Protein chains: 8
Amino acid sequence: MDQHSLKKILEAVATGKTGVEEASRAIHRTACEDIQYAHIDHHRSLRKGFPEVIYGQGKTAGQIIGIMEKMMDQESVVLATRTDAAKAQAVRNKIPEATYDADAQMVIWRKHPPILQGKGTILILSAGTSDIPVAREAFLTAEAMGNKVEAVYDVGVAGIHRLFRHKEMIDTASVLVVVAGMEGALPSVVAGMVGRPVIAVPTSVGYGVSLGGLTALFGMLNSCSSNVAVVNIDNGFGAGYMAAMINRV
Amino acid sequence: MDQHSLKKILEAVATGKTGVEEASRAIHRTACEDIQYAHIDHHRSLRKGFPEVIYGQGKTAGQIIGIMEKMMDQESVVLATRTDAAKAQAVRNKIPEATYDADAQMVIWRKHPPILQGKGTILILSAGTSDIPVAREAFLTAEAMGNKVEAVYDVGVAGIHRLFRHKEMIDTASVLVVVAGMEGALPSVVAGMVGRPVIAVPTSVGYGVSLGGLTALFGMLNSCSSNVAVVNIDNGFGAGYMAAMINRV
Amino acid sequence: MDQHSLKKILEAVATGKTGVEEASRAIHRTACEDIQYAHIDHHRSLRKGFPEVIYGQGKTAGQIIGIMEKMMDQESVVLATRTDAAKAQAVRNKIPEATYDADAQMVIWRKHPPILQGKGTILILSAGTSDIPVAREAFLTAEAMGNKVEAVYDVGVAGIHRLFRHKEMIDTASVLVVVAGMEGALPSVVAGMVGRPVIAVPTSVGYGVSLGGLTALFGMLNSCSSNVAVVNIDNGFGAGYMAAMINRV
Amino acid sequence: MDQHSLKKILEAVATGKTGVEEASRAIHRTACEDIQYAHIDHHRSLRKGFPEVIYGQGKTAGQIIGIMEKMMDQESVVLATRTDAAKAQAVRNKIPEATYDADAQMVIWRKHPPILQGKGTILILSAGTSDIPVAREAFLTAEAMGNKVEAVYDVGVAGIHRLFRHKEMIDTASVLVVVAGMEGALPSVVAGMVGRPVIAVPTSVGYGVSLGGLTALFGMLNSCSSNVAVVNIDNGFGAGYMAAMINRV
Amino acid sequence: MDQHSLKKILEAVATGKTGVEEASRAIHRTACEDIQYAHIDHHRSLRKGFPEVIYGQGKTAGQIIGIMEKMMDQESVVLATRTDAAKAQAVRNKIPEATYDADAQMVIWRKHPPILQGKGTILILSAGTSDIPVAREAFLTAEAMGNKVEAVYDVGVAGIHRLFRHKEMIDTASVLVVVAGMEGALPSVVAGMVGRPVIAVPTSVGYGVSLGGLTALFGMLNSCSSNVAVVNIDNGFGAGYMAAMINRV
Amino acid sequence: MDQHSLKKILEAVATGKTGVEEASRAIHRTACEDIQYAHIDHHRSLRKGFPEVIYGQGKTAGQIIGIMEKMMDQESVVLATRTDAAKAQAVRNKIPEATYDADAQMVIWRKHPPILQGKGTILILSAGTSDIPVAREAFLTAEAMGNKVEAVYDVGVAGIHRLFRHKEMIDTASVLVVVAGMEGALPSVVAGMVGRPVIAVPTSVGYGVSLGGLTALFGMLNSCSSNVAVVNIDNGFGAGYMAAMINRV
Amino acid sequence: MDQHSLKKILEAVATGKTGVEEASRAIHRTACEDIQYAHIDHHRSLRKGFPEVIYGQGKTAGQIIGIMEKMMDQESVVLATRTDAAKAQAVRNKIPEATYDADAQMVIWRKHPPILQGKGTILILSAGTSDIPVAREAFLTAEAMGNKVEAVYDVGVAGIHRLFRHKEMIDTASVLVVVAGMEGALPSVVAGMVGRPVIAVPTSVGYGVSLGGLTALFGMLNSCSSNVAVVNIDNGFGAGYMAAMINRV
Amino acid sequence: MDQHSLKKILEAVATGKTGVEEASRAIHRTACEDIQYAHIDHHRSLRKGFPEVIYGQGKTAGQIIGIMEKMMDQESVVLATRTDAAKAQAVRNKIPEATYDADAQMVIWRKHPPILQGKGTILILSAGTSDIPVAREAFLTAEAMGNKVEAVYDVGVAGIHRLFRHKEMIDTASVLVVVAGMEGALPSVVAGMVGRPVIAVPTSVGYGVSLGGLTALFGMLNSCSSNVAVVNIDNGFGAGYMAAMINRV
């Protein structure tokens, strides 16, 4: 509820159209629905331009379905991330029109195809083949939020000429999401090539002192290129979301 | 054995009612029962107002049953925490009047319903749906210790108006237990709203640099609000216990 | 601003005593004063029963003085923690009626002696001589917040009979603050003796794998006694504050 | 050197205007100047829209001056970050038209006032007074890169109503930079309020388990709000740079 | 091969009883048998008073059997630690006279009952029931090395009077092994009671910030009692071995 | 593409043999094949003397086969590391002439036996029996790259005379790969004996504070012998590769 | 107070020699002296065979002197460890008969030369020259506790033959203290040579991933030799103390 | 002493030229000189091709001089690393013919200019200007060991074309030492360009999550290029030494 809405209620009170008790309840009743195991934030799409997204890990299939059904009444798109195949199957048994991407472990339901909202193209790059699931989660999220998205996979720094082959695509993107595990060097190199914001996503790909992605994360945070900001390890969703936010600035 | 009891024994010795050998044994025989794999601390309820609680993890079902049976002779309530479904089933086969809460993984046996001991209401808040099991462990513990307990789930800071909807309940609680994973910001915000003690419980909910709950833990210990103290990651039991102790100060 | 205050303003609007614009400003103007480098939270003492406390570290003497002077208009007690001797001297040159405790590194200003608000006695225990500064910070904070406070120092577990000498004082306290560095074992032992809430404060006293207090902190969080909650390393202030909150539950 | 430039050289070769040897040298001679202790990247402003920035830490005053003088020939603005007062004095003795901001530890030289390039307003928020130096580094960087910048300090979550006072400014910013130490909760709360990209900057403000800023960093990476990306601890410069990049998408 | 043996060979060379080539070979041929996947150190019992012990983890059953059979030719006792039930079964199928302790996961073969070598009694204490497997590994190792061993389990500091019940046994032991997980406080308390060497064994029992035993380990290394030395997490074997070494000093 | 190749193309352009468009494409078309989930770096064997090696972890069997088949067209040897038995079986069903080493988890395909390229002998040493899989990965890699390789296993420092038995082999090797877990002391001792480069490989063998190999890794990086460089934990492949590179310097 | 003393008092009560009140006081009055900033444990020498040792770090010179003077009344030797030169000077101004060892940073006062209590010889070995201060602290402690002590410095594993030169001394020692920084490999090698207990002391000597001694510590705890137990980083005092305890078993 | 030398002594014994006692002494007297605070390893140059190098940190100037003087009798070159300016001045007062490099903090004494021993050229690359001191330490070490060495500084990945300018020098080096702080990405990129061994040196240059060089170290150990091995943080000396060892394989 913003300043403008408040004034409107107050004016209604001043003119007697609304009683004090009723106005007080309206001001205090923030827009969220309590279904015992969840408080659904129905105002989020109003406030942020995109509805709440269901984080599937640690929720039962029943809880995911329950939240989805409440949201489908009010939204045109609902995403559930980190939903494994078994839970996804249960969801689709109940909501058959939802689709599931096994790589990205994401359930997507929508009323109609996404309407283009972003201005430029978001480019997703991954350093290795094993980073594709995370890259795909970023891809689907940004796409669901109404953006043109492109992706190039396996262009890590061990053979840096593979990256340079895609220089034109890199130069013309409005935002870049760069996904890498192991030493996580790719975002630095890419960011050094362009004057665009780069969202870096460390992945847990690697072994030994990859430390489950911490090494890639710390490397990216220490990037000697300045147009880099970072999201959590394996957080393709957050990167796609952030890229979408930037693409409509 | 306190100062008073000692004097009584010494007086018995002085008047010849008790012999030296016998008194010496009595003084040294502290109140605990040795059943080989455990030393049951029968004086704990005397000393602390609530009996020893069985930590089920790393114990066999047989050991849990053995300890419970010894305690049931002397106590009116016995709890076993972190007891998985299979062990719980074995316990209930032997002790059918015990109940089991699958969310909280807790076995509860009692002679009679708990007698109210705490003065105010203990309020349990959780940031997300996935934090409910830990919140529930706190709930059941505080309730078993004789308190009025209320709970509100999924009111994290990503949509902070959801929290404000419950302001009255928050304002009237005598002690608050706030459960949160990921960045663990909820206890700071809640503690900033009230002049009551807040027990913060970090959970292992999250991924990447949630570091199994360390991030939430460290965040809570660094809270910029001062009326916050913290318990171990996922330690709903300890939070409920501590809240009960505070509620009868 | 609570529900009650809001209704009062709305009633004033309804009866025409207050105009819409004015009421809207009043609702939005939360009670905090902006002095450019700080937003002083004047409503905190109303909300929490004790005013904002100035964290001296990382602030200049000038900033501390500026904030103190604004607060002295509205409060009866002002604390500045982690204020080194040089800054404290500068503060006292400007505000001579403030006192300074060099051990606790705390500046205290008050209009009148503290009025007793807590019901029982808060007991501060320290494991070693080197832990005294932190223990003292807890002592002064709890005292300033209107409590009867007692302290016993250097009763660590290497000679546990030293602790047992003070058993009566321990048994009669309503809340205990236990301060320890190195392995941090004292809170567990003390909490095992009483049925009262224990606030454990790890200190950075030690070397090698004391890890600047992390070892004591983690030990305390893993306490096998359940009536223990923990604050940040060296955070005597927070422990005293929390104990005061508990003591008036 | 992009595809277009290469074609131009090749055409010159084809038409005989340029010899093979000369063209080969031109292709290989990338645009950087070697002054022994540094390879100045003169093409960076061409490539990224802003020239190389000198990282003052670990460089001597002489090296900073040497690099600045080479850059001043070709650029209209030169920044040197993390330059302490002594080095800054030496720089300004040699280059008197450079200015120095002691809070941000930044030397700025420019030929003419910055030309506005960003479309919206960048808003800098800090949780505490001690976070101001980092916030100021972000401010000056974004400003030097041609943006309208505003700042609000000391609006942390311990008294969250202070933040809500500035809701209008928050709602109208195109990009937000949120600076916080300790538990680092502010970016989550702010990002939950807006549909704009938030760049979170953890600071090393705090003690104990603030772990030099790691706790704030990890908390921000685990934000339950999705429109947050993070830069290195105390990296105000990077945040301002990234915000500027976003503001001209 | 010691100084004395070398002189004997040299004298044989001097008197012509041994040729140069043969002596050279004898000097270089150290006493170890190469069976491709292992170099069995047959001189270890000569050198250290107890033969090599087989670390079962990461070895196949076949490798364990192969090494055991080679050792049984030359030794009167062979131990294989960290051998799970399946491997142990395979070993006992081949070597039926070997015994297996499932708690300690240890295979023991011996020609004859152990001959008493240690002078005093080694006492094993465990803080909790869950620590028994590690305590048992220490017990069996020290016993196999020819010592009188006694054990008391579940006497942790949450009810410290349980420990004091066994004071006489504690006072008369020549060496003590103290096993504890969680906060690992027991060794400090025990060592404060006696003037005997205490070998502390941290266990991985616990959750959250027990950090797989690191917290107990660090706590023990920071013990404020000085007669404590520590072995690796869960290393009951090493503790029993070290105690046996001390008991025959 | 090197300087020489570039001149040749430019000369072709100058003499009209190649058109501008065609030359431009040739310069930009770097030698890598895009098969959607991978960019195969066909020039790597030209550039580095050995083709790209497939990292099997995180790739499906189908992806491994797809990449292998593309590479088999152009290379005489193809390795796939970290390929478990199930994936290896799938690969060999499709490419029966490939061999699989279960210890090293490596698939090897080659057109013809390796041609000797290295000058001296590479010696692989392992501290324990459990380190053999990692040692074997180094062995097979170095062998596949055309080197004479020898190996000695289980010669750790607990019985250091076992190592000295192989002194001649150690003294005559041109490069040494030393594999060790636990405390990782073997490389220091070996490097102290020879004037040759030693590649140290930490393994994850151990428990407790072996920390999954970090302790061995850090120990090796701190070696008091200077002719030691280190690779990632369990990275036998990297060690064999590096040794091969050194052996042909 | 042991079982025997208790009986004596009880007999005195039984025979009327001691009144109940007096006996009760005697039993509860444990032998410790409270001088406000310290509780001196006067019974420690009775209980453990050596008096309390003053840990100088974090105590003022005045506090050290105060404790020393109280102890000198009752003990024949007093040690103060980790006492820097300035504090030591202040102590010696007040207590001139105390001596100071600048390497070990230890103040020693004694009534008479130490009386030999240990049976064998304690041998102190250090890996490097920089480890000497820690080794010396162990030396002086063991010597003050009544032992024959010998020391050999700078015999690390980079040139292992230096160690073997002292084989006879190593073979004849009853207990060994081995001090090493960096990779901390020396205790493993030494323990592999003897059948005696080895106390390993990690030092903070090193840089980079020596991690202030953590690497040496972890290496020693993972020793592949079993007759090794470990004390805290730089804890020469604890190692000397433990060795003395062992030497009189 | 090798197999050959041993036989010679034994033959002398057989022929009576050498007595048994004398031969025994000769065999046991390993070549090291004991000057109390150090055991100088005079055989190291024989064994490893280069004499012991003095690690200056933690040694007094007097100790450095003492060791240098003993070594100068027997060696043609002596290095002392990590020697600060004050100690270096003291050394040069005593040994004026020694030189000092303030960047590398290294004292070098030699009888005559180094004789070329390595076959190819060692190339030192640094990512930034601040990495030069570490790079210089590598340079001087490799040069002192008889190698042709070249260096290029400040060619990090933020402007990767700067690196490609030096492609010819990179392609023709026989061994490469690559020095980088922050994210440490340069060695991966360089190693991807060449078929030569790359020694990577992480530096402590950076702030925040550069973690004193750990991030660069871990990044380098996770390099997706395989011809990389790593030395300790800031260990330019070790990298130069290792490169020299490789250059004479």
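This note walks through a few parts of the structure above, starting with how to read it.

1. A word on ground rules: this is a predicted model, in which local features need pLDDT of at least 70 and side-chain atom pairs count only at pLDDT 80 or more, while totals for chains, interfaces and linings use all residues. Residues are numbered from 1 along each chain as its sequence is written, chains are lettered from A and ligands numbered from 1 in the order in which they are written, and side-chain values use heavy atoms, with hydrogens and water left out.

2. How much of chain A is covered? Of its 249 residues, 66% are buried, that is, under 20% relative accessible area, with exposed meaning over 50% and partly exposed in between (1.4 Å probe, protein chains only). The accessible surface of chain A comes to about 8,400 Å², and carbon and sulfur atoms account for 51% of that (Shrake-Rupley method, 1.4 Å probe; for residues, only the protein chains shown count as cover). Among contacts in chain A between residues at least 6 apart in sequence, 65% join residues at least 24 apart; a contact means heavy atoms within 4.5 Å.

3. Next, look at chains D and A together. The same surface serves both, since 100% of the contact residues of chain D recur in chain A.

4. The contact itself takes 34 residues from chain D and 34 residues from chain A. About 2,800 Å² is buried between them, with carbon and sulfur atoms giving 61%; this is the accessible area (1.4 Å probe) that the two parts lose on being put together, summed over both. Do look up D:Leu221, D:Met242 and D:Val249, which supply 21% of the area that chain D buries against chain A, more than any other three residues.

5. Some chains stay apart. Chain C and chain F have no contact, and their closest C-alpha atoms lie 13 Å apart. Chain C and chain H do not touch either, with 16 Å between their nearest C-alpha atoms.

6. In chain G, four strands form an open sheet of mixed pairing, in the order S3-S4-S6-S5 (two strands pair if DSSP finds at least two bridges between them). Its edge strands, each pairing on one side only, are S3 (54–55) and S5 (99–101) of chain G. S5(G) pairs with S6 (residues 106–110) of chain G in the antiparallel sense over three bridges, and G:Tyr100 has G:Val107 in S6(G) as its bridge partner.

7. Two helices of chain G deserve a glance. Helix H9 (residues 186–193) of chain G is mostly covered, with eight of its eight residues buried; among them are G:Leu186, G:Pro187 and G:Met193.

8. Finally, is C:Ala135 buried or exposed? C:Ala135 counts as buried because its relative accessibility is 0%. It sits in helix H6 (residues 132–144) of chain C. Leaving aside neighbours within four places in sequence, C:Ala135 is in contact with C:Ile124, C:Ser126, C:Tyr153 and C:Val179.
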